[in-house]
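Dear colleague,

My notes on it follow.

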Amino acid sequence: MDPAAVDLLLSRIRDVPDWPEPGVMFKDITPLLRDPEAFGTATELLADVGRDASGVVDVVVGIEARGFILGAPVAQALGAGFVPVRKEGKLPSATSAMSYELEYGQATVEVHKDAIAPGERVLVVDDVLATGGTVRATVDLVRAAGAEAVGVAVLMELGFLNGRERLPDVDVHALLTV
């Protein structure tokens, strides 16, 4: 990736110490979203992951909540549909669900049952790859629908959390690794 693009994106990500709890250094992307050049650069680079997948991307899946913000313009750039994957209980129609383990419990993500068709090629988009649990569950939802997960594209990967290790069977692309 172009070093100038990396510098631009990194310069628009703010560190927020001790949020949401003491000892956590939160990576806040709201300054990046506020900057049209940085947001546009991130969108295009994430869309390039879909363009680089062998074949057309039919659907971009965005993971709640910042994956919605990034995934929707990526879908538009690719000429693909957009599908939200949400936390349990947030979607109004019949859903498919996938649960996953957290270090302090369990969580569940859902997608509408009719949102992804068998055989479709799906790019999963999110802001951060941390421990990999949410992305793993989302890839599993895509596959349970009979679709192909052609890749995962994230703005940044928290490399020290080793989330990529939970995704050995899918191509993972991070614009930034911190």
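The findings below concern helix packing, the nonpolar cores and one proline.

This is a predicted model, in which local features need pLDDT of at least 70 and side-chain atom pairs count only at pLDDT 80 or more, while totals for chains, interfaces and linings use all residues. Residues are numbered from 1 along each chain as its sequence is written, and side-chain values use heavy atoms, leaving out hydrogens and water.

Helices (H or I, at least four residues) and strands (E, at least two) are DSSP runs numbered from the N terminus. Axes are lines fitted to C-alpha atoms, for helices over the stretch in contact, with angles from 0 to 180 degrees between N-to-C directions.

Helix 3 (residues 36-52) packs on helix 4 (residues 66-78) at an angle of about 60°, the axes being 9 Å apart. Helix 3 is therefore oblique to helix 4 (under 35 degrees is roughly parallel, over 145 roughly antiparallel, 65 to 115 roughly perpendicular, and the rest oblique). Their contact (heavy atoms within 4.5 Å) involves Phe-39, Thr-43, Glu-44, Leu-46, Ala-47, Gly-50 and Arg-51 of helix 3, and Ile-69, Leu-70, Pro-73, Val-74, Ala-77 and Leu-78 of helix 4.

The axes of helix 1 and helix 3 come within 10 Å and cross at roughly 125°, so this pair is also oblique. Here Ala-5, Leu-8 and Leu-9 of helix 1 meet Glu-37, Ala-38, Thr-41, Ala-42 and Leu-45 of helix 3.

Pro-73 lies in helix 4 and is partly exposed, at a relative accessible area of 25% (buried is under 20%, exposed over 50%, partly exposed in between; 1.4 Å probe, protein chains only). Beyond its neighbours within four places in sequence, Pro-73 is in contact with Phe-39, Thr-43 and Phe-68.

A nonpolar core is a set of buried Ala, Val, Leu, Ile, Met, Phe, Trp, Tyr and Cys residues joined through side-chain atoms within 4.5 Å. The largest has 30 residues, of which Leu-9, Val-60, Val-74, Leu-78, Leu-123, Val-125 and Leu-155 touch the most other members. Two or more residues come from each of helix 1 (3-11), helix 3, helix 4, strand 7 (121-129), strand 8 (148-157) and strand 9 (172-177). Helix 3 contributes the most, with six residues. A second, separate core of 25 residues includes Val-61, Val-111, Val-135 and Val-142.

Yours sincerely
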